[in-house]
Amino acid sequence: MKKTLAKKELVQRLGFGFLSLCIMITVFFLGLLIYFIAVRGIKVISWEFLTQAPRRFMTQGGVAPAIVGTFYLTLGAISLALPLGLACAIYLCEYSPKSSIVNIIRISINNLAGIPSVVFGLFGFAVFVKFFGFGVSILSGALTLGIMVLPGIISASQEAFLAVPQSFREASFALGATQWQTIKNIVIPSALPGILTGVILSIGRVAGETAPILFTAATFYIRGYPDSIFSEVMALPYHIYALMTEGTHPQEQTQIAYGCALILLVLVLLVSGIAIFIRQRKRSGYGH
Amino acid sequence: MDINQIKIKVEGVNFYYGSKQALRDIALDIYKNKVTAIIGPSGCGKSTFIRLFNRMNDLIPGARFEGKILIDGNNIYDPKLDVVDLRRSVGMVFQKPNPFPKSIYENVAYGLSINGIRDKGYIADKVDKSLKDAALYSEVKNRLSDNALALSGGQQQRLCIARALAVEPEVLLMDEPASALDPTATLKIEELIHELKKKYTIIIVTHNMQQAARISDYTAFFMMGELIEYDITSKIFTKPSKKITEDYITGRFG
């Protein structure tokens, strides 16, 4: 009896030990990533680096046009994907009849999320750049990125809607609310934290993906800033890629690439931080 | 007893979940300004039954209704009837308190705003009055803008009652409203029901026999989807006419 108890205790300790080891390994690599990017990136970061355009074959000046470009692309992609994705999720969760066709649609959307981003890039090139004739532009890039994150936003929103207790809907119906009133006043507000989580993840993905904008929006260098949605843009992830693969001054370019990586990292963390802050407030406070 | 006015008439009701029959040939009359308790063992169809009165079962896919339910002489299963209107006049309080994750004030005001009332002064008065009627006002009057989820379970349930009362229903359905509450909170709800029957016709499902005896005027005993016995509460609990009713209320099964 005593022996088996000691054995159980040992097994438990081994189990917990293994779990904490896994956590430590994960945190170690995460820390390492932030450390390396930060230490190498911080060297080139300056006010000039953030606010100036590149000079002298990318070896001097700043990366401001790339920051601005990434901002435009992200904003464009999310403003397309969020309303569209939200509408799809509402339809699939709240309105659609439980039929096999709807199930097929649901499965297709989930599968869409697994398509490699470079495939979206080629698709965007064929459809938006060539077929619709938008050219290599912010518009083509934002549309491509938006379609890429659409399945993610739909899945996250769907999960958020499914997590809204049925009792909220019943309470609303029992007071004489229509289905639309219930969705608008009860379901969407209750699902908002979950939807925001989907948006956070999407922003991170949109801002960081290179492949979808490779043939649809990005350029290594433009003079000045884009002046319309039909302009080509510089973008941080593509800029990193280009700095590391093209050009004639690899030494300086590598340093700048680390600088860009740090900015990208900070930007994404910042956006996530803001969204998490809003989500927490929504969750705990409900206003006032 | 003859002066009792019939508020609801249930005639020949059968109800099915897919191929499974949940209610068999139910007929009974529910009297105005009385409390009618529905009792019976788990799975007897009592919750299904009470949810017929505001057509809450419409939401369940594959469910099928046969028969007639007349409220003030109007068949609520008439295809031309607007379910939204029906639900406004037949309020419901659920088994588990389910306030919306909004402020106390917004919870009570919700039913008014969705029914198109925009007059802020009227809504404010109505919220106060409903909270008073639900015996909650004195506990929350200084924190109407707090989140309703911060209230205790008993307070949440009274808030749900206030929310239902705000739209001025005629009938109030209560599906085991005290089953998730502690004895003190239960007592408060029971006292409240006693007050509310002056204005409303109340149908309450309960699995608690003493509760049914304490608060109701009429009691219907259901078993396996059938109405076994329906009578004045005092009669059901002192000399029921059927053996099986007696066995149930004396705790021999269930």
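Predicted model: local features only at pLDDT ≥ 70, side-chain atom pairs only at ≥ 80, totals over all residues.
Residues are numbered from 1 along each chain as its sequence is written, chains are lettered from A and ligands numbered from 1 in the order in which they are written, and side-chain values use heavy atoms, with hydrogens and water left out.

**View 1. Chain A as a whole.** Let's start with the fold of chain A, which has 11 helices and 2 strands. Helices (H or I, at least four residues) and strands (E, at least two) are DSSP runs, numbered from the N terminus. Reading from the N terminus, the order is α-α-β-β-α-α-α-α-α-α-α-α-α. Along the principal axes, the C-alpha atoms of chain A fill a box of roughly 70 × 65 × 45 Å.

**View 2. Where chain A meets chain B.** Here 20 residues of chain A are in contact with 25 residues of chain B (contact means heavy atoms within 4.5 Å). The size of an interface is often given as the accessible area lost when the parts come together. For chains A and B the buried area is about 1,900 Å², with carbon and sulfur atoms giving 64% of it; buried area is the accessible area (1.4 Å probe) that two parts lose on being put together, summed over both. The rule also finds 5 residue pairs in polar contact across the interface, both residues at pLDDT 80 or more. A polar contact is a pair of N or O atoms within 3.5 Å; within protein, one must be able to donate a hydrogen and the other to accept it, and residues adjacent in sequence count only if both atoms are side-chain atoms. On the chain A side, helix 7 (166–174) and helix 8 (179–208) each supply at least two residues, and helix 7 gives the most, with 7 residues.

**View 3. The salt bridge between the chains.** The count between chain A and chain B is 1 salt bridge, defined as a side-chain nitrogen of Lys or Arg within 4 Å of a carboxyl oxygen of Asp or Glu. Look for the side chains of Glu170(A) and Arg51(B), with 2.7 Å from N to O.

**View 4. A salt bridge along helix 1 of chain A.** Over all chains, the search finds 19 salt bridges. One of them joins Glu9(A) to Arg13(A), whose closest N and O atoms are 3.5 Å apart. Because they are 4 residues apart in helix 1 (residues 2–42), about one helical turn separates Glu9(A) and Arg13(A).

**View 5. The open sheet of chain B.** In chain B, 4 strands form an open sheet in the order 2-1-4-5, with antiparallel pairing (two strands pair if DSSP finds at least two bridges between them). Strand 2 and strand 5 (74–75) stand at the edges with a single partner strand each, so one side of each is left without a neighbour in the sheet. Strand 1 (residues 6–17) is joined to strand 2 (residues 20–31) by 8 bridges, and Ile8(B) has Ile30(B) as its bridge partner. The two strands form a hairpin with 2 residues between them, and Gly18(B) in the turn has a positive phi of about 60°. Strand 1 also pairs with strand 4 (residues 63–71) over 8 bridges; there, Lys9(B) stands opposite Leu70(B).
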